Amino acid sequence: PTKFDLEIAEESIYLFKVRLMLEKSLTDLCEKTDYNGSKSMYEMMRHLTRYELINGKTVELISQITKIANRGVHGEIVSKEYIDFVKQVFPELQKQLYEVNIKLHYCICPRCKYSGYSLFENVCPKCGFTSDDV
């Protein structure tokens, strides 16, 4: 039997990790906001934009990083400038997605009985009821 020896460039591994972390962050946010559509990053970003958790600039950065990461993951040569761009932008983007995630508050609405996450601690995202039990 021949030994299968696969050499993978460090940059490709890094880009794969970045893409995976972005996908996981988007998936976590979507799960907290009752999203049950396609798991494509584009569709998840559309949902999170409609939910006003991310803005157009964030969508653009995630899209750019994903395009670069996909090229690396698929074995294409990615220039140093693109790798540097990802290394510069990704930490701030990761921090931003983390902060959005911790802003979501779990609530149970006394009026409509909704249970799930809300952007505001005392406001039901389903019926709009504002509770003064903060």
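I'll start with His47, which lies in helix α2; helices here are DSSP runs of H or I, at least four residues, numbered from the N terminus. This is a predicted model, where local features need pLDDT of at least 70, side-chain atom pairs count only at pLDDT 80 or more, and totals for chains, interfaces and linings use all residues. Residues are numbered from 1 along each chain as its sequence is written, and side-chain values use heavy atoms, with hydrogens and water left out.

Is His47 buried or exposed? His47 is buried, at a relative accessible area of 9%; buried means under 20%, exposed over 50%, partly exposed in between, with a 1.4 Å probe and protein chains only. Leaving aside residues up to four places away in sequence, His47 touches Cys30, Thr33 and Tyr35, a contact being heavy atoms within 4.5 Å. With that exclusion again, Leu48 touches Cys30 and Thr33, among others including Leu26 and Ile54.

Next, the core. A nonpolar core is a set of buried Ala, Val, Leu, Ile, Met, Phe, Trp, Tyr and Cys residues joined through side-chain atoms within 4.5 Å. The largest one has 27 residues, and Leu48 is among those touching the most other members, as are Leu15 and Val86. Two or more residues come from each of α1 (10-32), α2 (41-50), α3 (56-73) and α4 (80-103). α4 gives the most, with seven.

Last, α3. Its buried residues, including Ile62 and Ile65, pack against α1, α2 and α4. After α3 comes Gly75, with a positive phi near 85°.
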